[in-house]
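My notes follow the order in which I looked.

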Amino acid sequence: MANFHAPLSEEDLALIHALQIAPRAGWVDVGAVLGVHPTSAAARWDRLTETGAVWVTAHRMGDPKAVTLSFVGVDCTMEGQARAVESLCAVPEIITVEQTASSRALWLTVITESMAQLSGDVIPALRAIDGVLGYEVSLCTRQHFNGSSWRLNVLSRAQQQQMQVLSRAAQAPRGTSVHLPQSHLDLLPFLTRDGRASAAAMARELGRAPATVQRQLNKVVASGIVSFRCEMAQSLSGYPVTCQWFAKVPAGQHETAASTLRQLRNVRFIASTTGQSNFTIIMWLHSVADIMDVELTLAQNIPGIELQESVVMLACAKRVGWTLRPDGTALESVTP
């Protein structure tokens, strides 16, 4: 069990920032950018991951025109909420489960391969959970920014640029369409559990030659079919408060609003949505007192924005496919 308030050192934060930019960068390259020995960087990372303070995961990138990202506000009975949270976390398509300080007891983020899967599989599973009284669904019509782009901002500009070069070197060219055989897709569950999993480790479990798996892994990483993401325990980030705003932004102004918001380092998520509000913003903040300052900034910099509701998240039981301990450290992966 991780220590609830074990602080991270500047060296820890620098390492995390580096892997936020290039999640699968080799230790020789990371060590060169940070000015440390590769074995020291690797040992520090192992210590951080063992406590659940940080983790690298990967998730399949479906066709954006087909994949459905939805948000579900759930009402629960007080006595049944804990059991409902546990049941919801076990549903693979429900990637995030948060308890809120609002009229909706729980807030869910759901990713499905289609609307049919949402309505035919996920919603019935939600209805069947004891303690659930009702729910409300809104759909993401465009995602402008997500947590995989959030950064600690610890490294110097030069170091960030060096890591970005390493990140770009591993990415597929834009427009690349790759169809991989099942032998390659067999690696995806390993990468979901550990986005930095080595070919040697996967080869041992699959009973394949390491050189073969290395070739397959290189093709998977370069294909662009998976997105890698370095996450960390929010309690250790220096930004322990999550606040989500539901807003209305004039039609035609969403891209401009998102561009303005991306300049704010606290932003974790920006999306256009269906429903009574048409725009949602999530930020990680130092304290609840920051909320009023953020709202003033939004009002001053985004013409026509109408903030309808602000919701503070009391606890996060699951984030982007990983169940979390009460202190926010990673426990286990629960994904399709």
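I am working on a predicted model, in which local features need pLDDT of at least 70 and side-chain atom pairs count only at pLDDT 80 or more, while totals for chains, interfaces and linings use all residues. Residues are numbered from 1 along each chain as its sequence is written, and side-chain values use heavy atoms, with hydrogens and water left out.

**Second largest pocket.** I took a pocket as an open set of points on a 1 Å grid over the protein atoms alone, with protein on both sides within 12 Å along at least five of seven lines; a cavity is a set where a 1.4 Å probe fits but cannot get out, and lining residues have an atom within 4 Å of a point. A volume is the space filled by probe spheres set on the points, which are joined across faces, edges and corners. I read about 350 Å³ for the second largest pocket. Its lining has 22 residues, and Trp-45, Thr-49, Val-56, Asp-194 and Arg-196 lie nearest the centre. Helix H3 (38-50), strand E1 (54-60) and helix H10 (210-223) each give two or more residues to this lining; I took helices (H or I, at least four residues) and strands (E, at least two) as DSSP runs, numbered from the N terminus. H3 gives the most, with four residues. I sorted the lining into nine nonpolar, six polar and seven charged residues, with Ala, Val, Leu, Ile, Met, Phe, Trp, Tyr, Cys and Pro as nonpolar, Asp, Glu, Lys and Arg as charged, and the others, Gly among them, as polar.

**Cavity.** I found one cavity of 30 Å³ or more. The largest cavity holds about 30 Å³ of space. Its lining is Thr-100, Ser-102, Arg-104, Trp-107, Phe-246, Val-311 and Met-313, that is, four nonpolar, two polar and one charged.

**Strand E2.** I checked burial next (buried is under 20% relative accessible area, exposed over 50%, partly exposed in between, with a 1.4 Å probe and protein chains only). In E2 (68-76), eight of the nine residues are buried. I count two strands as paired if DSSP finds at least two bridges between them. E2 pairs antiparallel with E4 (106-112) over seven bridges, and Val-72 stands opposite Leu-108 there. E2 also pairs antiparallel with E5, over seven bridges, where Cys-76 has Val-132 as its bridge partner.

**Helix H11.** Which residues of H11 (254-261) are buried? I list His-254, Ala-257, Ala-258 and Leu-261. They cover an arc of only 100 degrees around the axis, so they sit on the same side of H11; the arc is that of the directions from the helix axis to the C-beta atoms.

**Loop E10 to E11.** Val-320 lies in this loop and has a positive phi near 45 degrees, though not a glycine. Val-320 is buried at 16% relative accessible area. Gly-321 is in the loop between E10 (306-319) and E11 (322-324) and is buried at 1%. I noted 6.5 Å between the C-alpha atoms of Gly-321 and Thr-96, which are 225 residues apart in sequence.

**Hairpin.** E11 and E12 (330-333) run antiparallel, joined by three bridges. Five residues separate them in a hairpin, and Gly-328 in the turn has a positive phi of about 90 degrees.
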